[in-house]
Amino acid sequence: MTIQPLKQANGENPLSAQASKQAALVAKHPCFSKEGHQYARIHLPVAPACNIQCNYCNRKFDCSNETRPGVVSKLLSPAAAVKRFVKVKKHVPETQVVGIAGPGDPLANPKATLASLKAIEKVDTDVHLCVSTNGLALADQLESLIEAGVRHLTITINCIDADIGQRIYPWVYFNQRRLRGREAAQTLIDRQLLGLEAAIKAGMLVKVNTVLIPGINDFHIESLAKELGRYGAFIHNIMPLISDPAHGTYFGLMGQREPTKQELNLAREQAGQSMLQMTHCQQCRADAVGKLGQDIDLAALENSEPAQVARSIQVAVASSSLSLIDQHFGHATQFSMYRVSADEITQLDDFSWQQYCQGSEQCDDSAVKDLSQLKHVDTILCSRIGHAPQQELSAMNVKANTDYALRDIRGALEDLQQQLAAQQANSRKSSCSMGECS
């Protein structure tokens, strides 16, 4: 792979041009500069799947009261992401940064990530595009990121020692294989450093995040910072582990403690001998909007305009008995299809497809499957569904509903019909209150 450096202005001294370019990239990005606090950022949650598992991470889907990485209230399709950005930019004009940070890994979801970035670039050429990644797929996707206009990059690197890494990462999914133990950790570390080096050589501004985990990587921070400085990373962000058992992470459930403020300060002091340190990180959600520490109420913003209610919906039902909703999404080879409107329920031709789970394969976040065949569906009724496909479907605006598990199909459809009728009635009422009905 050959990565071309970012172009320099004609006639400029290369060193001064690089310094000027770096200063411009830093100035309006609140995550790269403490002086950038007057500017706002928006994180677009378009990337549900992840190619590694971290013991400190649990990518919950609907946790509106939590503020931590990997958490979102609603996944977005690229088209919906652009609409959100346009609306936020209108209400918060100081928004200068558009980032994609999850809730999974953006580069494990390259189609959605790149489509979103390119669409944003078309509507606002001045905004800074930013991606946060674990680095596993960075070297493979770097050219595409540069072509999409990304100049800011964050890589989470927690160690450069595989013995430490295997205590942090249960598995890594690489080259169609699930790796575990030391092999997994070493593969991830090698890929992270490869991507880091390539990104810096290409002229990107790179921040490295490190999660400080007492007793696991705290004694390793100084060595890690020296290596990051040697590669030429711009800034180092040491973040305290969040291990509240209520969040359901492995570390949290196993009693791994969080670092004290004194331990965090010591780690930053040690690392600061080799790397510029970031100390104002807010450990933002993957759908954060606004200035650091001053997130705006996204729900209120998006509810400021009346929602459009469909006249009818397409419903796919996973059923092995053809009478009850009794089948796991991943085991279905066909779906019974229905069109539901406020007036009638119409059965359509069955829809056949290659099932999500093959043989004994587990349906988990590492299974990369193409669900675009279901983009014509509005709602899928099934007995169960895995976290990864549920999030990916949601990103396509397809709702996977398990509320009717083991219930009668007809009764569930009639319930959906009543909900649709109520939504349409409320929409008409709202329109009339604004003088838009006759």
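The legends below describe close-up views of one predicted model. In this predicted model, local features need pLDDT of at least 70 and side-chain atom pairs count only at pLDDT 80 or more, whereas totals for chains, interfaces and linings use all residues. Residues are numbered from 1 along each chain as its sequence is written, and side-chain values use heavy atoms, with hydrogens and water left out.

**View 1. An open sheet of three strands, in the order β2-β6-β7, with antiparallel pairing.** Strands are DSSP runs of E with at least two residues, and helices are runs of H or I with at least four, each numbered from the N terminus; two strands pair if DSSP finds at least two bridges between them. Because β2 (52-53) and β7 (177-180) each have a single partner strand, they stand at the edges, and one side of each is left without a neighbour in the sheet. Four bridges join β6 (residues 171-174) to β7, and V172 stands opposite L179 of β7.

**View 2. The loop between β6 and β7, with N175 and Q176.** N175 has a positive phi near 55°, in a residue other than glycine, and its relative accessible area of 61% makes it exposed (over 50%; buried means under 20%, partly exposed in between, with a 1.4 Å probe and protein chains only). Q176, likewise not a glycine, has a positive phi near 65°, and is exposed with a relative accessible area of 66%.

**View 3. Helix α6 and the residue that follows.** Among the buried residues of α6 are A184, L188, I189, L193, L196 and A199. G203, which follows α6, has a positive phi near 95°.

**View 4. The largest nonpolar core, of 71 residues.** A nonpolar core is a set of buried Ala, Val, Leu, Ile, Met, Phe, Trp, Tyr and Cys residues joined through side-chain atoms within 4.5 Å. L117, L145, L153, L196 and M204 touch the most other members, and α6 gives the most to this core, with seven residues. Leaving aside residues up to four places away in sequence, L196 touches L138, I155, I157, V206, V208, L228, Y231 and A233 (contact means heavy atoms within 4.5 Å).

View 5. A search of the whole structure finds zero disulfides, defined as pairs of cysteine sulfur atoms within 2.5 Å.
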